[in-house]
Amino acid sequence: MQQREDFLLKAYELGIIKFGNFTLKSGIESPFYVDLRPLSSSPQLLKTLSNNLLELVEDAPFDLICGVPYAALPMGTTMSLASGVPLIIKRKENKGYGTKRMVEGVYEDGQNCLLVEDVITSGQSLLETIEEIEREGLKVTDLVVVLDREQGGINKLRDKGYRVHTLFTINEVIDILHRYHRLSDGDMARIKNFLNNPPAPPQMKRIPLEGKKIQHPIGKKLIEFALKKKSNLIASADVITSSELLKLAEEVGDHVVALKLHTDIIKDFSFDLIDKLKVIAKEKEFLLFEDRKFADIGNTQELQFKEGVYKIADWADMVTAHPIAGEESLQVFEHVGVVAIVEMSSKGTLTDDYYITKALNVAENSSNVLGVVAQRQVADELLLFTPGVNLSSKGDTKGQQYNTPERVFKAYHTDFMIVGRGIYQSVNAKESAIEYQTAGWNAYLESLN
Ligand code: 5BU
């Protein structure tokens with residue numbers, strides 16, 4: 001007992017737990033904050049901790065040790081050194097090249113892996129980690145955790161049949177620190193109250209269109225149209241003749257904020273078509289959005305944008321571009337709003353979490369970019385566009401995956417949904433456009449509450 005208390009007091013000096021007001025990842029305001037990473041700064045404490053953890057799992061069967069990144073990585077390593085049990089490393093993200101493994105190291109199917117974690121809260125992220133380890137053919141029966149925040153995580157894992165061994169509970173930590181005068185009576189009462197009556201995480205509020213701080217003039221225009229027409233619908237006009245395109249524009253024009261085009265699929269493309277589209281767009285108040293998906297170095301993109309057959313720069317209000325070539329490559333798109341593609345809707349897309357994070361960074365730093373295409377919620381400073389929306393289909397035979405308008409507005413907080421075949425392949429495009437417009441706008445309004 002004394003040894004554990006000793007360890008805790010020394011660890012406290014390193015700053016593993018702080019008291020005050022902290023906003024947690026979930027949005028909850030917490031009176032304390034736990035971060036076990038500073039433990040690595042004291043090799044002696046790390047050793048003591050690892051020995052304590054090994055004692056806890058003395059009777060557990062395991063052939064491998066895996067520390068969950070990042071805080072538990074050094075703990076797992078130290079336990080491996082002390083026990084002679086080999087370590088494996090679980091990646092946080094797939095590195096996207098070379099071997100595609102999520103787990104690195106030498107291991108065989110069916111081996112039992114002990115998971116080491118610093119803190120358990122709801123247990124959700126540990127469950128996800130277990131799933132990933134099991135997917136590699138390994139078995140998990142036991143987990144060892146330094147601190148249980150006592151928020152249901154242990155039970156969640158036990159219900160699924162996993163044994164969880166914990167060194168401290170948060171209540172024990174608070175009691176010990178109080179007993180040794182590291183914590184005042186008042187602070188202790190405040191923390192105990194928080195632990196006994198944990199607040200619910202605040203719902204992530206979505207910012208209404210009129211509250212969005214969008215600098216780009218085209219972004220402002222889109223928002224203006226949306227509010228005026230009560231529509232967050234963009235129709236994707238993937239038809240292949242000028243006459244079909246013009247007919248569609250006439251039919252859906254009143255109900256959309258933009259018409260998305262793939263001009264390179266139009267058999268009889270001409271600038272006369274563009275002139276006519278511009279007249280309809282002006283009259284019906286929508287923007288022309290060329291879904292060109294530029295993905296080259298800046299110089300080539302500039303030529304593709306300004307020259308060639310389509311002279312996109314002369315008429316498009318908005319274009320799509322992949323941020324894959326980096327920030328500077330996007331600077332060539334002057335006088336249009338760029339929608340950066342950070343995540344695709346199709347099955348097996350290579351836009352994994354790692355790519356998305358980096359692509360969002362590029363998008364946020366580019367002044368030409370007014371928004372992004374993604375299948376998830378993104379930062380409020382960007383407008384979010386979501387394709388892959390259909391009311392009656394779950395996908396096609398070529399990898400497209402569909403969501404409902406309800407889902408993209410409520411779960412992703414998207415600002416604009418993009419609908420192609422759901423509208424242009426329907427018997428009555430105008431009626432379908434109205435149906436999508438209404439479903440989308442209602443879902444958007446409901447998502448504000
Ligand atoms: P659909 O008929 O609703 O499946 O058409 C969707 C349109 O959106 C089509 O023009 C695609 O090129 C476009 N799209 C997409 O579906 N998914 C993506 O991730 C991106 C664009 Br980016």
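In the UniProt record (unreviewed entry), the feature "binding site" is placed at Asp238, Lys260, Ser345, Gln400, Gly420 and Arg421; such annotations may be inferred rather than shown by experiment. The lining of the second largest pocket includes Asp238, Lys260, Ser345, Gln400, Gly420 and Arg421. A pocket is an open set of points on a 1 Å grid over the protein atoms alone where a 1.4 Å probe fits, with protein on both sides within 12 Å along at least five of seven lines; lining residues have an atom within 4 Å of a point.

The model is predicted: local features need pLDDT of at least 70, side-chain atom pairs count only at pLDDT 80 or more, and totals for chains, interfaces and linings use all residues. Residues are numbered from 1 along each chain as its sequence is written, and side-chain values use heavy atoms, with hydrogens and water left out.

Ser345 is found in the loop between strand S13 (337-341) and helix H13 (353-364); helices (H or I, at least four residues) and strands (E, at least two) are DSSP runs, numbered from the N terminus. With a relative accessible area of 11%, Ser345 is buried (under 20%; exposed is over 50% and partly exposed in between, with a 1.4 Å probe and protein chains only). The side chain of Ser345 makes a polar contact of 2.6 Å with the side chain of Gln400. A polar contact is a pair of N or O atoms within 3.5 Å; within protein, one must be able to donate a hydrogen and the other to accept it, and residues adjacent in sequence count only if both atoms are side-chain atoms.

Arg421 is found in helix H15 (residues 421-424) and is partly exposed, at 29% relative accessibility. The side chains of Arg421 and Asp396 are joined by a polar contact of 3.0 Å.
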